[in-house]
Amino acid sequence: MLTLAALAVMATLSIEGDAHASIRPIQVAPQVAQTGEPVQLEDVVVSGRSLDRMILDFVGEVAEPNNNRGLARWRESVCVGVINLRGEVAGYIADRVSTVAGDLGLEVGEAGCRPNLLVVATADGSTLAGNLVEDRVRAFRMGGTGMDRGGAALRDFVATDRPVRWWQMSAPVDSETGLLAVRLPGECRDPCASPLDYAPVVNIFAASRLRTQIVDNLIRAVVIVDVDEVSDLSVLQLADYIAMVSLAQIDPDADTSGYASILNVFDDPQGSQSLTDWDLAYLGGLYGAEHNQINRRAGRSQIVDAIRREHRLLREREPTVVPDTD
């Protein structure tokens, strides 16, 4: 199985010229006038749509699980690696993404850990993505059922011009042991003496019509950053965008223009300086949800509930305006 460390080496070799020299300082774009600004989470009541409708629409736009699978998330540990950026920028991005992961309850890998979340900067995102997929397609499509978004999505990952593109692998695993619950081509239990040795074994501890022992976990993510297309952002904006799209399964074609979200940062750099309340509530709901419910829609429902709770808390924090009686 190809590791992210190997992909990192391949990515470095796939970049022509001096990648470090091509990176301009990442800065915030000048302030521009806004019309029809995206709605802040605490201001949903003034949008003309009900709270529940807006939240459901946001979750529906953003969430993109693999085909016929539930929403996946990282199980325990995340190790962030960043290559082809200047040391201070790479360090900041790795630290910031790790901080967001830690706030969600994940264990964060120490310096020198083996990365399972790799961020690669390049001057040509499409070429690098194409080279990586062509050279090691099994690193992007491992062959297990429901482990990726499929061939059409992989072609989109290569061909579509985006400032940041990402590819994640997830796997159905035994929630009790963390072991794979799906067969991978060519893998078996030693000594591979029987066809049964090629099938995973899951010992069922408790049967239920509402809960399952098999859950979907993210196991690997590659994020490619096209440096020429992110030069108008602050490093914080870029890091938070990467955190959002790598810690959750986000639809790259989601239309979140009506919401104040870091996902809009390339269309409106001034609109979101960091992860917003919408984004944090979504991530909090994803990682706070009960992950072992058979009904796959239950995961989305729990995210909706988390965003609704955050909305209520934000409204309660708003200062009370005392009328002037003079």
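This is a predicted model: local features need pLDDT of at least 70, side-chain atom pairs count only at pLDDT 80 or more; totals for chains, interfaces and linings use all residues.
**Overall build**
- You'll find 8 helices here, along with 7 strands.
- The protein has 326 residues, and 47% of them count as buried.
- Take the contacts with a separation of 6 or more: residues 24 or more positions apart account for 79% of them.

**The disulfide**
- Searching the whole structure turns up 1 disulfide.
- Its partners are Cys 79 and Cys 113, with an S to S distance of 1.9 Å.
- This pair ties together distant parts of the chain, as the two cysteines sit 34 residues apart.
- To spot Cys 79, go to the loop between strand 2 (77-78) and strand 3 (80-83).
- For Cys 113, check the loop between strand 4 (107-108) and strand 5 (117-122).
- The torsion about the S-S bond of Cys 79 and Cys 113 comes out at about 90°, so the disulfide is right-handed.

**How covered the two cysteines are**
- Cys 79 has a relative accessible area of 5%, and buried means under 20%, so Cys 79 is buried.
- Cys 113 has a relative accessible area of 27%, which lies between the 20% and 50% cut-offs, so Cys 113 counts as partly exposed.

Terms used
Residues are numbered from 1 along each chain as its sequence is written. Side-chain values use heavy atoms; hydrogens and water are left out. Helices (H or I, at least four residues) and strands (E, at least two) are DSSP runs, numbered from the N terminus. Buried means under 20% relative accessible area, exposed over 50%, partly exposed in between (1.4 Å probe, protein chains only). Contact means heavy atoms within 4.5 Å. A disulfide is a pair of cysteine sulfur atoms within 2.5 Å.
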